[in-house]
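Okay, thanks for coming, everyone.

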Amino acid sequence: MNLNLLCCSLCSRGPDSHEHLFFECDEAKNIWYGVREKAGMGAIQNSWNDIFEYLLSIANSKKAANVIAKLVVGATVYFVWEERNRRLFTPKRRTKEQLIEVVLFTVRMKLHTMRFRYSVHTEHVLQEWSLPRGLRVADDDCG
Ligand SMILES: [Zn+2]
């Protein structure tokens, strides 16, 4: 039995467990810390319970900031998991900076396909993601 399979393939120190990977692992934590500000989750620590509780509180919201938060968490989990598998099964690896970039790029691409009701706050949030004006919908019905 290969004991390395029991070790986290990101840091080679912690256990290969859900709690460690999301995001107690130093490598994964650094990726989370690199994207959480963009998700409006700068105050949320690297504990899955804290992240999950925050997600539950915004689960039904369609506000741009909350949709973005959900997308960022989803993309971060996906790419950390993918990187864990990449390092486990191939000699390839990406840097923290590359992983942060691919998370933000993926969320930005997804946001290009979405439309949000106009509000000053939404406008500000979308500006932070450098989305072109044409993608935003000015909704006259929005009070
Ligand atoms: Zn680790």
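I'll start with the largest pocket: its lining residues split into five nonpolar, three polar and four charged. In that count, nonpolar is Ala, Val, Leu, Ile, Met, Phe, Trp, Tyr, Cys and Pro, charged is Asp, Glu, Lys and Arg, and polar is the others, Gly among them. A pocket here, on a 1 Å grid over the protein atoms alone, is an open set of points with protein on both sides within 12 Å along at least five of seven lines, while a cavity is a set where a 1.4 Å probe fits but cannot get out; lining residues have an atom within 4 Å of a point.

Before I go on, some housekeeping. This is a predicted model, so local features need a pLDDT of at least 70 and side-chain atom pairs count only at 80 or more, whereas totals for chains, interfaces and linings use all residues. Residues are numbered from 1 along each chain as its sequence is written, and side-chain values use heavy atoms, with hydrogens and water left out.

Back to the largest pocket. Its volume is about 200 Å³, where volume means the space filled by probe spheres set on the grid points, which are joined across faces, edges and corners. Twelve residues line the largest pocket, and nearest its centre you find Lys 62, Lys 63, Ala 64, Arg 117 and Thr 122. Helix 4 (64–89) and helix 6 (120–128) are the elements giving two or more residues to that lining.

Now the second largest pocket, with a volume of about 150 Å³. It has 13 lining residues, and Lys 38, Ala 39, Gly 40, Ala 65 and Val 125 are the closest to its centre. Helix 4 and helix 6 turn up again, each supplying at least two residues of this lining, and helix 6 has the largest share, with four. By class, the lining of the second largest pocket is six nonpolar, four polar and three charged.

Let's step back to the overall fold. Along the sequence, the pattern reads α-α-α-α-α-α. Of its 143 residues, 38% are buried; that's under 20% relative accessible area, with exposed being over 50% and partly exposed in between, using a 1.4 Å probe and protein chains only. Among contacts with a separation of 6 or more, 47% join residues 24 or more positions apart, a contact being heavy atoms within 4.5 Å.

Next stop, the metal. Which residues are the protein donors of the zinc ion? They are Cys 8, Cys 11 and Cys 25 through SG, plus His 20 through NE2, lying 2.1 to 2.3 Å from the zinc ion. Donors are N, O and S atoms within 2.8 Å of the metal (3.2 Å for Na, K and Ca), and water is not among the atoms, so sites may look incomplete. Along the chain, the donor spacing is C-x2-C-x8-H-x4-C. The zinc site is tetrahedral, with angles of 103 to 115 degrees among its four donor atoms; four donors get that label if all angles lie between 85 and 135 degrees.

Ser 12 sits in the segment before helix 1 and has a positive phi of about 60 degrees, although it is not a glycine. Buried or exposed, what is Ser 12? Exposed, because its relative accessible area is 52%.

Phe 23, in helix 1 (residues 18–24), is another one to click on. Phe 23 counts as buried because its relative accessibility is 0%. The peptide bond from Phe 22 to Phe 23 is cis, with omega near -5 degrees. Beyond its neighbours within four places in sequence, Phe 23 contacts several residues, including Trp 32, Trp 48, Ile 51 and Val 80.

Last one: the largest cavity, at about 30 Å³. Its lining includes Leu 10, Glu 27, Arg 87 and Leu 99. Helix 2 (26–35), helix 4 and helix 5 (96–111) are the elements that give two or more residues to this lining, and by class the cavity lining has three nonpolar, one polar and five charged residues.

Key
Four donors count as tetrahedral if all angles lie between 85 and 135 degrees; four count as square planar and six as octahedral if opposite donors are over 155 degrees apart and all others between 65 and 115; anything else is irregular.
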